[in-house]
Amino acid sequence: MKTIQFENQKINVGKIVCVGRNYVEHAKELGNEVPTFPIIFLKPASNLIFSTEKIQHPDYSHEMHHEVELVLLIGENIKDADENQAKSAIMGFAVGLDMTLRDIQDELKKKGHPWTLAKCFDGSAVVSDFISAQKYQYKGNEKISLSVNNELRQNSTLNLMIFNIVEIVKYISSKMTLEKGDLIFTGTPSGVSKVKISDKLVGEIENIGKLETEII
Ligand code: MG
């Protein structure tokens, strides 16, 4: 069981729901169409690690990519939420990494198979500490960045998301119940690239959080 320390509470992490292709430039860099509705996939909570923990590179992939993303912490159970319910269900924010085995994903996409094995492996979801949505007034235009060995690879702003955070929560809740402790990874901007063993990664969202990890 993975738990998040959030203010004075320990919260059990439920499912991790991820949004794919939520920035136009990222969809284009992988040769994909810009979606007209959010693309959703899941990761198990057991994949989650926290800032300063290390990511073990799976030996069956030769192309692991970083994807830096805004992460939402859900604070209440919701189903078919309207806009207000979706907004108030967001309890916290963090910066996260949706690590992806791009070579495996490309093979799976060709065959029309689910992305599961490209997206789900131990350490594939990394998060910083969470900041409270009650204490931090989310603006939606914060800077988001990722560097590898101090070299900037991803550098964007959250207002370039195709679907904003309320639209994402509302949409997911129209398909499945969201529960307290669920996490939502909201998609990555352009600049995804390959990492190798011993690389040091630092992800940051302005005013929200910072994480660091290493590939081993
Ligand atoms: Mg992603």
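In this predicted model, the side chains of asparagine 32 and arginine 21 are joined by a polar contact of 3.3 Å. Asparagine 32 sits in the loop that lies between helix 1 (24–29) and strand 4 (39–43). Although it belongs to a loop, asparagine 32 has a relative accessible area of 16% and is therefore buried, since that value falls under the 20% limit. When neighbours within four places in sequence are left aside, the residues in contact with asparagine 32 are Arg21, Ala27 and Lys109.

Because glutamate 69 lies in strand 7 (residues 68–74) and aspartate 98 in strand 8 (residues 90–98), the pair ties together parts that are 29 residues apart in sequence. Glutamate 69 counts as buried, at 0% relative accessibility, and aspartate 98 is likewise buried, with a relative accessible area of 0%.

| Residue | Relative accessible area |
|---|---|
| Asparagine 32 | 16% |
| Glutamate 69 | 0% |
| Aspartate 98 | 0% |

Elsewhere in the protein, an open sheet is built from 4 strands in the order 13-12-16-17, and the pairing is antiparallel. Its edge strands, each of which pairs on one side only, are strand 13 (151–157) and strand 17 (209–214). From one strand to the next, the twist averages 10°. Within this sheet, strand 16 (residues 200–205) and strand 17 run antiparallel and are joined by 6 bridges, and lysine 200 stands opposite glutamate 214 in strand 17.

Turning to the protein as a whole, the model contains 5 helices and 17 strands. The radius of gyration is 16 Å, close to the 17 Å that the globule rule gives for 216 residues, so the protein is as compact as a globular protein of that length. Of the 216 residues, 54% count as buried, and among contacts between residues at least 6 apart in sequence, 76% join residues at least 24 apart.

Definitions and conventions:
Residues are numbered from 1 along each chain as its sequence is written. This is a predicted model: local features need pLDDT of at least 70, side-chain atom pairs count only at pLDDT 80 or more; totals for chains, interfaces and linings use all residues. Side-chain values use heavy atoms; hydrogens and water are left out. Helices (H or I, at least four residues) and strands (E, at least two) are DSSP runs, numbered from the N terminus. Buried means under 20% relative accessible area, exposed over 50%, partly exposed in between (1.4 Å probe, protein chains only). A polar contact is a pair of N or O atoms within 3.5 Å; within protein, one must be able to donate a hydrogen and the other to accept it, and residues adjacent in sequence count only if both atoms are side-chain atoms. Contact means heavy atoms within 4.5 Å. Two strands pair if DSSP finds at least two bridges between them. Axes are lines fitted to C-alpha atoms, for helices over the stretch in contact, and angles run from 0 to 180 degrees between N-to-C directions. The radius of gyration is taken over C-alpha atoms; the globule rule is 2.2 Å times the number of residues to the power 0.38.
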